[in-house]
Amino acid sequence: MQVKLVYFSGTGNTKFLSEKLLEKFKEKEVRDIQLVPVEDALHDLSSFEREDVILGIGYPVYDLMPPDIILEFVNKLNKTKSQNLAFVFSTYTTSPLDSNYYIIEKLQELGFHVASQEHFKAPGASSYFYFNPNMPVVKGKTVFHKGINKQLDAFVSDILNS
């Protein structure tokens, strides 16, 4: 089994979580996992449509929606010949609303079986605007809530058990 996790990260939160997911998959003995920035994924779509690939898509929520570049990626995928597995996650600061379902519905139209989806509350980027030197994000540190490891473990287990 190969996992390809396509992600877009505007402030670094989604990239950080994608890297943490990679670690969690490796803890579950999944060795063949690749993180792919969506900008690179747009150049070779066929590798994400193979039967032996679990496709993961991660992105930040912008105005209660997935970013345009993620929508572009999903809209360029071809219909699968078999029900390829997929999972979707988003990072948000205020509210994710139902932003994942735009991606999930499109993936299902293309024949993917979406095994799991999750929203992760992320630190806000607003501290960049205030330049508060005491804010962890200004110091270059990404700080998620204390239960993030359990949430990531449950998410990966859900994907692998589907």
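**Group meeting: the sheet and its helices**

Good morning. Five strands here form an open sheet in the order S2-S1-S3-S4-S5, with parallel pairing; two strands count as paired if DSSP finds at least two bridges between them. S2 and S5 are the edge strands, each pairing on one side only. From one strand to the next, the twist averages 15°.

A word on the source. This is a predicted model, in which local features need pLDDT of at least 70 and side-chain atom pairs count only at pLDDT 80 or more, while totals for chains, interfaces and linings use all residues. Residues are numbered from 1 along each chain as its sequence is written, and side-chain values use heavy atoms, with hydrogens and water left out.

The protein has six helices and five strands, taken as DSSP runs numbered from the N terminus (helices H or I, at least four residues; strands E, at least two). Along the sequence the pattern reads β-α-β-α-β-α-β-α-β-α-α. Of the 162 residues, 46% are buried, that is, under 20% relative accessible area with a 1.4 Å probe, protein chains only.

Within the sheet, S1 and S3 pair in the parallel sense over six bridges. Gln-2 stands opposite Val-53 in S3.

Let me turn to helix H1. H1 covers residues 13-27 and reaches 21 Å from its first C-alpha to its last, close to the 21 Å expected; the expected span is 1.5 Å times one less than the number of residues. Its buried residues include Leu-17, Leu-21, Leu-22 and Phe-25. The buried residues of H1 pack against strands S1, S2, S3, S4 and S5 and against helix H6 (148-161), where contact means heavy atoms within 4.5 Å. After H1 comes Glu-29, whose phi is positive, near 70°.

Next, the pair H3 and H4. The axes of H3 (residues 68-76) and H4 (residues 99-109) come within 10 Å and cross at roughly 10°. Axes are lines fitted to C-alpha atoms, for helices over the stretch in contact, and angles run from 0 to 180 degrees between N-to-C directions. H3 and H4 are therefore roughly parallel to each other, the term for angles under 35 degrees. Ile-70, Leu-71, Val-74 and Asn-75 in H3 meet Ile-103, Lys-106 and Leu-107 in H4. By class, this contact has five nonpolar, one polar and one charged residues; nonpolar means Ala, Val, Leu, Ile, Met, Phe, Trp, Tyr, Cys and Pro, charged means Asp, Glu, Lys and Arg, and polar means the others, Gly among them. H3 also lies across S1 and S3, running at about 155° to S3.

Thank you.

Definitions and conventions:
Buried < 20%, exposed > 50% of the residue type's maximum accessible area, 1.4 Å probe, protein only. Parallel < 35°, antiparallel > 145°, perpendicular 65-115°, else oblique.
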